Amino acid sequence: MTDYSCFEGNEQIFEKAVSGADNENLPGSKELYYLVATPTIIHMVIDGASRMLDSSLPDPMISVGTYIELFHELPTLVGEKISIKIKIEKVIKNKVFFGFTGTDSRGDFCRGTYERHIVRKDKLKQDAHDRFPGMYQLS
């Protein structure tokens, strides 16, 4: 098995000025349209962590998300630029554990953890088709 421990300690910051469009068609109360939605933050974490990791993996490997925990502590207004700092805290075999913190112009407003697993693309595809035999053709 490949040693991925070299990823430990890597961190990146992902920034975005959140617009109303980022919150459209998301679950939750439409009355809170003026606040950055929790699913918007989750999307930024998933997108950022996968970009961080997948660009460094050799073909035919890819990472898949398996677990996320988010504590969205304080409200942030739509239009505010937010930064999500994502750090690879630890790697155990093919499991990559991230920590993240969200910051706006007033300080930290969220934090959490995220886990991704490094897998072979062909094995992932085969496993999915094995779970649902006859549904789709493998190509």
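L32, Y33, Y34 and L77 together make a nonpolar surface patch of about 450 Å². A patch here is built from residues with over 30% relative accessible area and no salt bridge, with nonpolar side chains (Val, Leu, Ile, Met, Phe, Trp, Tyr) joined within 5 Å and like charges within 9 Å. The areas come from the Shrake-Rupley method with a 1.4 Å probe, and for residues only the protein chains shown count as cover.

Before going on, some housekeeping: this is a predicted model, where local features need pLDDT of at least 70 and side-chain atom pairs count only at pLDDT 80 or more, while totals for chains, interfaces and linings use all residues. Residues are numbered from 1 along each chain as its sequence is written, and side-chain values use heavy atoms, with hydrogens and water left out.

Y33 sits in the loop between α1 (20–23) and α2. Y33 counts as exposed because its relative accessibility is 61%; the cut-offs are under 20% for buried and over 50% for exposed, with partly exposed in between (1.4 Å probe, protein chains only). G20 itself belongs to helix α1, and its 37% relative accessibility is why it counts as partly exposed.

**The overall layout**

The protein chain has three helices and five strands, and along the sequence they follow the pattern β-α-α-β-β-β-β-α. Helices (H or I, at least four residues) and strands (E, at least two) are DSSP runs, numbered from the N terminus. The C-alpha trace spans about 45 × 40 × 20 Å along its principal axes. Of the 139 residues, 31% count as buried. The chain exposes about 8900 Å², and carbon and sulfur atoms supply 53% of that. As for contacts (heavy atoms within 4.5 Å), take those between residues at least 6 apart in sequence: 68% of them join residues at least 24 apart.

**The sheet**

The five strands form an open sheet in the order β1-β3-β4-β5-β2, with antiparallel pairing. Pairing takes at least two DSSP bridges between two strands. At the edges are β1 (11–17) and β2 (61–72), each of which pairs on one side only. On average, neighbouring strands are turned by 25° against each other, direction ignored. The axes behind such angles are lines fitted to C-alpha atoms, for helices over the stretch in contact, and angles run from 0 to 180 degrees between N-to-C directions.

Inside the sheet, β3 (residues 81–92) and β4 (residues 95–104) run antiparallel and are joined by nine bridges. K90 has F97 in β4 as its bridge partner, and S83 stands opposite T103 in β4. The β3–β4 hairpin has two residues between its strands, and K93 in that turn has a positive phi of about 55°. Then β4 and β5, also antiparallel, share 10 bridges; their hairpin connects through two residues. T101 stands opposite R111 in β5.

**Helices on the sheet**

Helix α2 (residues 38–54) lies across β1, β2, β3, β4 and β5 (107–120), running at about 145° to β2. Helix α3 (residues 121–131) packs on the sheet too, touching β2 and β5, and its direction makes about 90° with that of β5.

**Salt bridges**

How many salt bridges does a search of the whole structure find? The search turns up seven, a salt bridge being a side-chain nitrogen of Lys or Arg within 4 Å of a carboxyl oxygen of Asp or Glu. Three of them are worth a table:

| Pair | N to O distance |
|---|---|
| K81 and E15 | 3.6 Å |
| E73 and R111 | 3.2 Å |
| D122 and R120 | 3.1 Å |

The K81–E15 pair links distant parts of the chain, with K81 in strand β3 and E15 in strand β1, 66 residues apart. K81 counts as partly exposed because its relative accessibility is 48%.

E73 is in the loop between β2 and β3 while R111 is in strand β5, so this pair ties together parts 38 residues apart in sequence. Both partners count as partly exposed: E73 at 36% relative accessibility, and R111 at 43%.

In the remaining pair of the table, D122 has 45% relative accessibility and so counts as partly exposed. R120 counts as partly exposed as well, at 39%.
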